[in-house]
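Welcome! Let us walk through this protein together, one part at a time. Have a look at the chain and its fold before reading on.

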Amino acid sequence: MQVVVGRIGRPHGIRGEVTVEVRTDDPELRFAPGSVLTTDPARLGPITVAAARWHSGRLLLSVAGVSDRTAAEGLRGAVLSAEVPDDELPEDPEEFYDHQLRSLTAVSTDGAALGTVTDVVHLPGQDLLALDHQ
């Protein structure tokens, strides 16, 4: 199963590194050198992580085949996904993978049914639930 693990931000420096908005509980595993990640849009990937490092609280990635700032800029905005086993669960009981939320009924704070979750939409700075209204 594919799970979203990050989104590529702006380039960092002139050697092709990119910043990553991390969306995973285990970035050291998901962004380990050699990891292959799919991209949305698909035309930008898949990408292979060449190296990853933390700098001033941000994750920086080196991507195989991307060696300059211009090429790195071409990846900006790509949503990155990793393959995880279908039965894998996040460690924190308050966290969920997108596929765990689909088909659940969303309710308001007063208990009124709002609809069924059809998708999780990842936007910069926020995630939204798409509902099929009842």
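Before we start, a word on names: the strands are runs of at least two residues that DSSP marks as E, the helices are runs of at least four residues marked H or I, and both are numbered from the N terminus. One more thing to keep in mind is that you are looking at a predicted model.

With those names in hand, we can begin with the open space in the protein. A probe the size of a water molecule, rolled over the atoms, shows where empty space is left. The largest pocket has a volume of about 350 Å³. Its lining gets two or more residues from each of β1, α3, β8 and β9. Which of these elements gives the largest share of the lining? That is β1, with three residues. In total, 16 residues line the largest pocket, and R23, F96, Y97, D98 and H122 lie nearest its centre.

Next, let us follow the strands. Strands of a sheet pair through backbone hydrogen bonds, either parallel or antiparallel. Here, six strands form a closed barrel in the order β1-β2-β5-β4-β3-β6, and their pairing is antiparallel. Neighbouring strands of this sheet are turned against each other by 50° on average, if direction is ignored.

Strand β7 (residues 105-107) pairs with β8 (residues 113-123) over three bridges, in the antiparallel sense. In this pair, A106 stands opposite G115 of β8. Five residues lie between the two strands of this hairpin, where G111 takes a positive phi near 90°. Strand β8 is also joined to β9 (residues 126-132), by seven bridges, and these two strands run antiparallel as well. Here D119 has A130 in β9 as its bridge partner. The hairpin of β8 and β9 has two residues between its strands, and G125 shows a positive phi near 85°.

Now for some details of the backbone. How many residues other than glycine with a positive phi will we visit? Let us take them in turn. S56 has a phi near 55°, a positive value in a residue other than glycine, and it sits in the loop between β4 and β5 (58-63). Is S56 buried or exposed? Its relative accessibility is 69%, and exposed means over 50%, so S56 counts as exposed. S103 is not a glycine either, yet its phi is positive at about 80°. You will find S103 in the loop between α3 (98-101) and β7. With 59% relative accessibility, S103 counts as exposed too.

Finally, turn to the loop between β3 (36-40) and β4 (47-55), where P41 is found. A cis peptide bond joins D40 and P41, with omega at about 15°. The loop between β3 and β4 also holds P46. The peptide bond leading from G45 to P46 is cis, and omega is near 0°.

Definitions and conventions. Residues are numbered from 1 along each chain as its sequence is written. This is a predicted model: local features need pLDDT of at least 70, side-chain atom pairs count only at pLDDT 80 or more; totals for chains, interfaces and linings use all residues. Side-chain values use heavy atoms; hydrogens and water are left out. Two strands pair if DSSP finds at least two bridges between them. Axes are lines fitted to C-alpha atoms, for helices over the stretch in contact, and angles run from 0 to 180 degrees between N-to-C directions. Buried means under 20% relative accessible area, exposed over 50%, partly exposed in between (1.4 Å probe, protein chains only). On a 1 Å grid over the protein atoms alone, a cavity is a set of points where a 1.4 Å probe fits but cannot get out, and a pocket is an open set with protein on both sides within 12 Å along at least five of seven lines; lining residues have an atom within 4 Å of a point. Grid points are joined across faces, edges and corners, and a volume is the space filled by probe spheres set on the points.
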